[in-house]
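Visitor: Hello! I am new to this structure and would like to learn how to read it. Could you walk me through a few features?

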Amino acid sequence: MDEELKPVRWVASARKDLKAFPEEARKQVGVALFRAPQGKKHERTKPLQGFGGAGVLEVVASDDGDAFRAVYTVRFTEAVYVLHCFQKKSKSGIATPKTEIELINSRLRLAEQEHGKWLRERNKKL
């Protein structure tokens, strides 16, 4: 029996930002995001440091030597939330820049609010 797939929900400009990626990077992120609602983790996906475990994940994509990232959370049992998609421009080290981490934190809080609202609306329909 097939288990129902979780929906993928987008926070703020994450979807628009992903669409601005070059085609190859977009495809790499797309494959990883396709697997996430199935409870699977793509080989390009790893926990994002500083978020206490595997609840916030980062997809690492590349195109023509440039680095791209998509960050999503699986903290909610009913949906996967894509929090942020960006090009990593820092050439020094592999750490995610502090400004990006702050934005991800902000969007994680926004996802929590949106998730609660979405559940209330969904439950009204049931």
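Predicted model: local features only at pLDDT ≥ 70, side-chain atom pairs only at ≥ 80, totals over all residues.

Visitor: Where does Asp64 sit, and what is its phi?

Guide: First the general idea: most residues other than glycine have a negative phi. Asp64 lies in the loop between E3 and E4, and its phi is positive, near 55 degrees.

Visitor: Which residue has a positive phi of about 50 degrees although it is not a glycine?

Guide: That is Ala12. You will find Ala12 in the loop between strand E1 (8–10) and H1. Ala12 is exposed, because its relative accessible area is 52%.

Visitor: Now to the inside. Which residues have the most contacts within the largest nonpolar core?

Guide: A nonpolar core joins buried residues through side-chain atoms within 4.5 Å. Here the largest one has 17 residues, and Phe21, Val29 and Tyr72 have the most contacts inside it. Among the elements that give two or more residues to this core are helix H1 (14–19), helix H2 (23–35) and strand E4 (66–73). H2 gives the most, with four residues.

Visitor: What does Tyr72 touch?

Guide: Leaving aside residues up to four places away in sequence, Tyr72 touches several residues, including Leu33, Ala36, Val59, Val80 and Leu83. Leu83 also belongs to a second, separate core of 15 residues, which includes Phe86, Ile104 and Leu119 too.

Notes:
Residues numbered from 1 in each chain as written. Heavy atoms only, no water. Buried < 20%, exposed > 50% of the residue type's maximum accessible area, 1.4 Å probe, protein only. Contact = heavy atoms within 4.5 Å.
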